[in-house]
Amino acid sequence: AAERVIEILESKNAIEDTPYSTKINEFKSEIKFKNIHFSYSRNFYLKEFSLEIKKGKSIALVGSSGSGKTTLVNLINRFYDIDSGKILIDNIEIKNIKLKSLRSLIGMVTQESILFNDTIKNNILIGDPAASEETIIKAAKIANAHDFIDSLPEKYLTNIGDGGNKLSGGQKQRLAIARAIIKNPPILILDEATSSLDSESEKSVQIALKNVMKNRTSIIIAHRLSTISNVDKIIVMEKGKIIETGTHKELLNTDSTYKKLVEIQSF
């Protein structure tokens with residue numbers, strides 16, 4: 001058993017800084033994907049993919065499972081390196097940006113909330129360990145979480161159990177959002193952040209997401225299309241390629257794949 005554990009501990013991370021990596025402290029203008037190709041085990045998930053995301057804009061990625069949506073946001077974080085093409089932030093290739101510096105610009109809220117067997121306060125503080133009590137409460141209020149936290153006997157010092165199992169799904173998501181808020185990232189990624197919630201919890205989380213998206217560059221992966229009608233641009237993906245782009249209204253006014261998806265979900 002020790003040998004198996006040591007093998008994992010000693011494995012080398014293929015994604016690392018180069019001698020030419022530079023530190024960046026802010027996001028100024030745009031994210032660009034230029035003709036990128038990416039494959040897992042020779043199966044291409046993104047092919048000839050190009051996209052520009054301007055600072056302050058919100059975009060939604062839509063498409064069936066396996067169309068490449070989550071792969072795309074994983075590549076922005078440089079969890080993997082692309083096979084060819086370029087991903088640039090402010091015209092700097094991300095492979096030439098220090099990893100810690102790159103990831104400090106990005107906040108993520110995923111479908112499954114990653115929480116730890118600790119207090120509510122310490123789970124929120126992961127976003128910024130130096131944050132003050134006042135900042136923690138402010139972040140919780142923006143995340144629509146303060147009221148339920150305040151109703152608990154030990155409030156912010158309440159232990160939430162393994163993986164936050166003492167909380168409901170909606171409460172866990174709102175804590176994850178509070179953690180993203182306290183980090184205060186200029187780029188926000190929401191990967192199906194409401195898809196596992198019931199209708200009542202989804203409403204609370206949607207309010208929190210609207211609050212946190214203000215004045216940020218947001219990339220949203222969504223299966224529930226009712227949640228993305230107000231974004232600046234919708235990108236419809238299929239088999240690693242963009243097949244449609246436009247606003248909610250523009251795509252509904254054409255015989256689009258997006259329109260068909262909306263109609264299916266309307267039943």
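This is a predicted model: local features need pLDDT of at least 70, side-chain atom pairs count only at pLDDT 80 or more; totals for chains, interfaces and linings use all residues.
**First stop: strands E1 and E2.** A search through the whole structure turns up two aromatic pairs. Select phenylalanine 33 and phenylalanine 49 to see an edge-to-face pair, with 5.9 Å from centre to centre and 90° between the planes. Colour the strands and you will find phenylalanine 33 in strand E1 (residues 30-40) and phenylalanine 49 in strand E2 (residues 43-54), so this pair links distant parts of the chain, 16 residues apart.

**Second stop: phenylalanine 38 and tyrosine 80.** Select these two rings next; their centres lie 5.7 Å apart and their planes meet at 45°, so the pair is tilted. Phenylalanine 38 sits in strand E1, while tyrosine 80 belongs to the loop between helix H2 (69-76) and strand E4 (84-89), 42 residues apart. Are these two partners buried or exposed? Phenylalanine 38 is buried, with a relative accessible area of 2%, whereas tyrosine 80 is partly exposed at 35%.

**Last stop: the surface.** Select Ile114, Phe116 and Ile126 and show their side chains: together they form a nonpolar patch with about 300 Å² of accessible area. Zoom in on isoleucine 126, which you will find in the loop between helix H4 (120-125) and helix H5 (133-142). Isoleucine 126 counts as partly exposed because its relative accessibility is 44%.

Notes:
Residues are numbered from 1 along each chain as its sequence is written. Side-chain values use heavy atoms; hydrogens and water are left out. Patches are made of residues with over 30% relative accessible area and no salt bridge: like charges are joined within 9 Å, nonpolar side chains (Val, Leu, Ile, Met, Phe, Trp, Tyr) within 5 Å. Accessible areas come from the Shrake-Rupley method with a 1.4 Å probe; for residues, only the protein chains shown count as cover. A salt bridge is a side-chain nitrogen of Lys or Arg within 4 Å of a carboxyl oxygen of Asp or Glu. Helices (H or I, at least four residues) and strands (E, at least two) are DSSP runs, numbered from the N terminus. Buried means under 20% relative accessible area, exposed over 50%, partly exposed in between (1.4 Å probe, protein chains only). Rings of Phe, Tyr and Trp (its six-membered ring) pair if their centres lie within 6.5 Å; planes under 30 degrees apart count as stacked, over 60 as edge-to-face and the rest as tilted.
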